[in-house]
Amino acid sequence: MNAKRPAWGNSLMLLIICVLAAMMAAGCNSGGKMKETTGSNGNGAETTRKEESKQGNTDKGNDEVSGDFEIQYFVGGYGDQGWKMILAEFQKKYPNVKLKESAGSKINDQMKPRWIQGNPPDFVYIDGAGSNATQMVLDDQLMDLTDYYKDAKNADGNMIKDELLLKPIEYDGKIYTLPFVFGSWGVFYDKKLFADNGWAEPKDFDSFLSESQKIADSGKVNAPLIYTGKYPYYFTSGILDSAFVVNNNDDTSILLEMAALKEGIFKSEPVKKALAQMVRMRDAGIIDPASAPINHIDSQMLFLQHKNAFIPNGLWLENEMQKDVPQGFEFGFIPSITQSAGGKYIAIPFTATVGIAKKAKNPAAAKAFLEFLLTKQSAVTWAEQTGALGNLKADLDNSNASALVKSAMKFYESENTIVAPYVQLNADVDKVKQDSTLALMTGSITPEEWMDRMEKAAAKARK
């Protein structure tokens with residue numbers, strides 16, 4: 001109910017308004033100095049550190065990229081040290097930015113309500129539990145970077161699109177995220193073990209088969225190759241997917257056609273040839289029968305204990321198992337083993353992407369950070385601190401990155417390596433792929449049955 005305000009109340013209200021207006025005017029002319037910048041303690045809770053920062057929001061030069069800037073990043077297997085070092089250098093370059101880090105192992109779930117409510121951070125690293133770049137695009141949460149990407153330069157002054165190892169994923173021809181982490185599947189071995197026994201790194205499929213036979217005949221391992229049957233995607237990503245490309249005359253478009261569920265693609269000639277390679281491996285007795293029921297940690301432990309000589313895995317292997325790696329163990333890495341003699345290596349990648357919120361409050365600072373993040377120095381920092389590669393062509397020879405990371409980078413910079421596009425199958429179809437591949441490698445089904453299962457799954461998903 002609205003009562004009539006007395007006359008003295010109107011005068012008092014007018015006085016308050018005048019005082020507030022004067023205070024606001026004084027604040028606008030004070031230089032706008034703030035002294036708080038927030039960070040993270042790694043568990044999703046915010047900590048505070050003191051930094052002087054002027055307010056502002058433009059994209060012209062270091063002095064004018066300023067104001068509040070919030071970044072969200074997941075803290076998982078890579079830790080947070082890489083992010084903190086890169087952000088500290090960014091803060092030095094842009095001292096007028098008031099930086100807020102929203103980070104932690106549960107940060108994706110903690111921040112979800114803000115994204116839904118239209119109050120997101122400016123910049124986001126899309127990785128870890130609770131994150132899904134495709135869903136963020138579908139929910140219209142990310143800035144369209146298509147036109148920006150065409151001419152964007154990083155902080156080194158180089159065109160970003162010329163520096164990336166892995167190109168951005170397109171959604172109906174539009175770009176909303178850029179790949180930041182470059183990971184690759186492949187086959188790992190112990191260089192020292194091989195040197196001690198006179199075994200050679202295989203360069204192609206035939207040499208892989210012959211060297212595996214030599215290793216088996218030595219009696220020094222349970223079987224040449226181990227994988228995790230509980231998670232067959234280690235095998236499909238580490239070995240099978242490259243075979244699809246190899247048998248498609250090194251044309252990576254077959255993976256895109258699979259992701260698009262093109263009718264007949266799972267019964268095509270390249271697929272038949274790739275599955276025939278898998279059957280040759282299986283029937284040669286190269287694969288340890290223990291693979292079928294075990295998880296990734298068990299298979300990795302057997303590999304580190306030299307019960308097996310080869311394992312398909314991802315580049316995180318060294319970092320994940322660092323506490324269990326025996327003294328003297330020297331990781332060797334091959335992007336693919338399915339190519340013919342003299343053929344190129346096929347790198348099957350995985351990635352974690354970054355993006356700018358469509359409703360970012362400081363898009364200028366977000367773009368400045370993106371351009372700083374995608375530099376060679378940031379890539380070196382990331383490799384040194386995480387044991388993983390940044391998605392840039394960077395010389396790591398003089399860095400403190402591990403020998404494994406350095407050797408992997410040489411593969412990706414080489415003209416003798418083809419980097420396939422990063423693709424994801426429909427979840428239901430992918431489940432059929434994993435189950436069917438395990439059944440194929442254990443001899444439960446034939447290649448024809450594998451293809452039938454996949455075509456049926458794809459047809460169902462298309463509906």
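The model is predicted, so local features are taken at pLDDT of at least 70 and side-chain atom pairs at pLDDT 80 or more, while totals for chains, interfaces and linings use all residues. Residues are numbered from 1 along each chain as its sequence is written, and side-chain values use heavy atoms, with hydrogens and water left out.

The protein chain contains 18 helices and 15 strands. Helices (H or I, at least four residues) and strands (E, at least two) are DSSP runs, numbered from the N terminus. Of its 463 residues, 50% count as buried. Buried means under 20% relative accessible area, exposed means over 50%, and partly exposed lies in between, with a 1.4 Å probe and protein chains only. Contact means heavy atoms within 4.5 Å. Among contacts between residues at least 6 apart in sequence, 72% join residues at least 24 apart.

Strand E13 covers residues 349-356, and eight of its eight residues are buried, so E13 is largely enclosed by the rest of the structure. In a regular strand the side chains alternate between the two faces of the sheet. For E13 both faces are covered: one side carries Pro349, Thr351, Thr353 and Gly355, the other Phe350, Ala352, Val354 and Ile356, and all are buried.

Next come two helices. Two packed helices are described by the angle between their axes and the distance between the axes. The axes of helix H9 (residues 233-246) and helix H11 (residues 269-283) come within 8 Å and cross at roughly 130°. That makes H9 oblique to H11. The axes are lines fitted to C-alpha atoms, for helices over the stretch in contact, and angles run from 0 to 180 degrees between N-to-C directions. Angles under 35 degrees count as roughly parallel, over 145 as roughly antiparallel, 65 to 115 as roughly perpendicular and the rest as oblique. From H9, the residues Phe235, Ile239, Leu240, Ala243 and Phe244 meet Pro270, Val271, Ala274, Leu275, Gln277, Met278 and Met281 of H11. By class, this contact has 11 nonpolar, one polar and no charged residues. Ala, Val, Leu, Ile, Met, Phe, Trp, Tyr, Cys and Pro count as nonpolar, Asp, Glu, Lys and Arg as charged, and the others, Gly among them, as polar.

The remaining residues are in loops. Most residues other than glycine have a negative phi, and most peptide bonds are trans. Asn249, in the loop between H9 and helix H10 (253-259), has a positive phi near 55°. Asn249 is exposed, with a relative accessible area of 74%. His306 also has a positive phi, about 65°, and lies in the loop between helix H12 (296-304) and strand E10 (308-314). His306 is partly exposed, at 27% relative accessible area.

Lys153 is in the loop between helix H5 (146-151) and helix H6 (160-163). Lys153 is partly exposed, with a relative accessible area of 46%. Leaving aside neighbours within four places in sequence, Lys153 is in contact with Asn158, Met159, Ile160 and Glu371.
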